[in-house]
Amino acid sequence: MIKRHRRRSDEIMLIPFLDILCSLIGVLVLIIVVLVVAQTQRVKGRTHEEMERAQEHLKMLKQKADNTLKYAGLEEKLEKLAKIKEEKESKTSESAKLQAQILDAKNNQEKGRQIADSLRLELENLKTEIRGLDAQEPGLRKKLAELQEALAKLAPPENRDPSVIVSPTGQGFADGTLVFFVEASGEKLTYFWNEKDKGIVSAVPEIIVADPQFNAFLDQIAKMPQSKMVFLLREDGMRSYNLAAGWAQSKYKLRVDQIGKMPIPGRGSLDLNLFKRWLGNLPPPPAPPAPAPPKP
């Protein structure tokens, strides 16, 4: 029997292999295309985005450099400005305090001025009263001395001090000499116009130089070339003598030889009868009017 040759069914099919190869080639081509495209988008190994960012960064660096150059020392200036501002605020505060102090000082000055004006007015009133009292003092002292003298005369004879007889010493005085006596005690000066009339002035420098009657007495004696003023010194009368004699020499130019002194013992009244031959005789001036009382 004749054997039939069978067709072999296990032949290798190349179609799948070709498909895989084509796919691989396509993938490789795609990769190459992608790499080429990516390579075309790079500039020296950088992308356009990186280049843009780099350019932006360069611009920022340049701007920063410009700003750094432009605003060099800005922080220091800002610190100085802050210090100036702080100092200005401090000065403003001090100025406000000073203005308040000045205002208070002006108010206090105004009050002080008012107080000073009030005190000045009070002082002037006191000075006026003092002048009034000073003007009254000589008259009061004179009146007191007169009253004391009158009281001594009214005392019983046994209680009175014996009279003191004033006698010339040596050979007396030259013819034509007029002698004027001034009794000097610790509190007063009693000057004799003549045998009967006499005046009294307090032994105080301010009163001696201002008393009109005593100064009129000295002035008339100074006008008589042959006149002589003799001070009768009580035990406490040296100070009064120095004041009156010094004033007579400095103000009325009485010579040294025109002024003499005699110590008088005791406290009795003076008896000048032994000097009648030389005793000066001057009319006393009228008494000055009583000073007006000071205004309140």
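Colleague: Why is Ser 185 called buried?

Modeller: Ser 185 has a relative accessible area of 6%. Buried means under 20% relative accessible area, exposed means over 50%, and partly exposed lies in between, with a 1.4 Å probe and protein chains only. The value of 6% is under that limit, so Ser 185 counts as buried. This is a predicted model, in which local features need pLDDT of at least 70 and side-chain atom pairs count only at pLDDT 80 or more, while totals for chains, interfaces and linings use all residues. Residues are numbered from 1 along each chain as its sequence is written, and side-chain values use heavy atoms, with hydrogens and water left out.

Colleague: Where does Ser 185 sit, and what does Ser 185 touch?

Modeller: Ser 185 is in the loop between S4 and S5. Leaving out residues up to four places away in sequence, Ser 185 touches Arg 234, Asp 236, Gly 237, Ser 240 and Arg 267. Contact here means heavy atoms within 4.5 Å.

Colleague: What makes the contact of Glu 183 with Arg 234 a salt bridge?

Modeller: A salt bridge needs a side-chain nitrogen of Lys or Arg within 4 Å of a carboxyl oxygen of Asp or Glu. For the side chains of Glu 183 and Arg 234, the N to O distance is 2.8 Å, so by the 4 Å rule the pair qualifies. This pair links distant parts of the chain: Glu 183 is in S4 and Arg 234 is in the loop between S7 and H6, 51 residues apart. Both residues are buried.

Colleague: How many salt bridges does the rule give?

Modeller: The count comes to five. One of them joins Arg 120 and Asp 117, at 2.8 Å from N to O. Both lie in H3 (residues 74-154), three residues apart, about one turn of the helix. Arg 120 is partly exposed because its relative accessible area is 46%, and Asp 117, at 39%, is likewise partly exposed. Lys 223 also bridges to Asp 219, with the closest N and O atoms 3.2 Å apart. Lys 223 is exposed at 62%, whereas Asp 219 is partly exposed at 28%.

Colleague: Which residues are at the centre of contacts in the largest nonpolar core?

Modeller: A nonpolar core is a set of buried Ala, Val, Leu, Ile, Met, Phe, Trp, Tyr and Cys residues joined through side-chain atoms within 4.5 Å. The largest such set holds 25 residues, and Leu 189, Phe 214, Phe 217, Leu 218, Met 229 and Phe 231 touch the most other members. The elements giving two or more residues to this core are S4, S5, H4 (205-208), H5, S7 and H6 (238-252). H6 gives the largest share, six residues. Apart from this core lies another, of 14 residues, including Val 166, Phe 192, Phe 275 and Leu 279.

Colleague: Which residues of H5 are buried?

Modeller: In H5 (residues 212-222), they are Gln 213, Phe 214, Asn 215, Phe 217, Leu 218 and Ile 221. Leaving aside neighbours within four places in sequence, Leu 218 is in contact with Met 229, Trp 247, Ala 248, Tyr 252 and Leu 254.

Definitions and conventions:
Helix = DSSP H or I, 4+ residues; strand = E, 2+ residues; numbered from the N terminus.
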